[in-house]
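Dear colleague,

I am passing on a structure that I would like you to read alongside this message.

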Amino acid sequence: MAADTQNRASRRPQGRLIGYARVSTDEQATEAQQIELRAAGCAQIVEEHGSGASRTRPVLAKLVREIGGGDTLVVVRLDRLARSVSHLLQVIEDLTAKGAHFRSLRDPIDTTTPQGMFSLQVLGAVAQLERALISERTKAGIRAAKAKGRLPGNPGIRERRPEALARMRSAQKAAYGARVEATVQQWLPTVRRMRPDHTWDDIARFLKQRGLDWSPERLRRAVKWMVAEGMADAALLKKSSPRLPEDRLMTLVAGIQSSNPQLTLREIASHLERLHERTPRGGTKWALSSVKNLLDRAKRNGLLSEA
């Protein structure tokens, strides 16, 4: 029995244990959660103040983005992390994609153990059943309303009442702002570094090479919202100067290298050839010196670190 316990312990990931403590208001404290997390072996603990009814948790989003492979995110209870089963599963899916793990101290969820994974699969089945039941109840309600001669949906919006439309627009604006703020640290530093010297097309292409799927239109709209809310400088929206073809290539090469810093010059050149990108002189075969020149220019322009 002791040997089996020791074997299970030895199979645990050897990465960091990172605690996440959340309370709903600024007046509440996280000390009780911190005590339990430290007792569980968490050397690092991040705190967040946010309502349990909202998914907008920038501290948690940043933690999930930056957590390393083999690390384990630890919470005291599941309700400290997620507002619903679907939200919980999404967070765990994001952690799994990074090679990280999840553990709840007071619940049977520990993705480093077979028992914990089984509990997670049960939760996934419950979430699927919950979605199916909600869908069925919604359809039944619509059928019942139509049978009584009623139309589904909000009567105020259907009748174009100004107060109802104003509430809808306000809710849509708040939801859009929450989505933008949840990811802002992933893309805004790049925008600040590149605007207005680079076009929105260049920046969107650069971000896409780093795994962030932005269109130029969506990116400009998000920055426009940030400026309107006083969270970004209006200079970011200034019209950019026409860019030379070589500047676009510099941005593209910087994006390729940022997406995988381990790529060699030859691998970057091969990637450009597969994209049918022509060299600065119009050729189809990329020389290593051309790739290196573009990378050096990207470093001088702040698109890449000197390291």
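This is a predicted model: local features need pLDDT of at least 70, side-chain atom pairs count only at pLDDT 80 or more; totals for chains, interfaces and linings use all residues.

Residues are numbered from 1 along each chain as its sequence is written, and side-chain values use heavy atoms, with hydrogens and water left out.

Helices (H or I, at least four residues) and strands (E, at least two) are DSSP runs numbered from the N terminus, and two strands count as paired if DSSP finds at least two bridges between them. The sheet is open and has four strands, in the order β2-β1-β3-β4, with parallel pairing. Its edges are β2 (44-49) and β4 (101-104), each of which pairs on one side only. Neighbouring strands are turned by 25° against each other on average, direction ignored, where axes are lines fitted to C-alpha atoms (for helices over the stretch in contact) and angles run from 0 to 180 degrees between N-to-C directions. Strand β1 (residues 17-23) pairs with β2 over six bridges, and I18 stands opposite Q44 in β2.

Helix α2 (residues 31-39) packs on this sheet, touching β1, β2 and β3 (72-75), and its direction makes about 165° with that of β1; contact here means heavy atoms within 4.5 Å. Helix α3 (residues 58-66) lies across β1, β2 and β3, running at about 150° to β2.

Turning to helix α7 (residues 162-194), a straight helix of 33 residues would span 48 Å at 1.5 Å a residue, yet α7 spans only 41 Å between its end C-alpha atoms (the expected span is 1.5 Å times one less than the number of residues). The helix bends by about 75° at V184, the bend being the angle between axes fitted to the seven residues ending there and the seven starting there.

V191 lies in α7 and is buried, with a relative accessible area of 0% (buried means under 20%, exposed over 50%, partly exposed in between, with a 1.4 Å probe and protein chains only). Leaving aside neighbours within four places in sequence, V191 is in contact with W200, I203, L219, V223 and L236.

In helix α11 (residues 265-274), I268, A269 and L272 are buried. Seen down the axis of α11, its buried residues fall within an arc of 100° (taken from the directions from the helix axis to the C-beta atoms), so they line one face of the helix.

Best wishes
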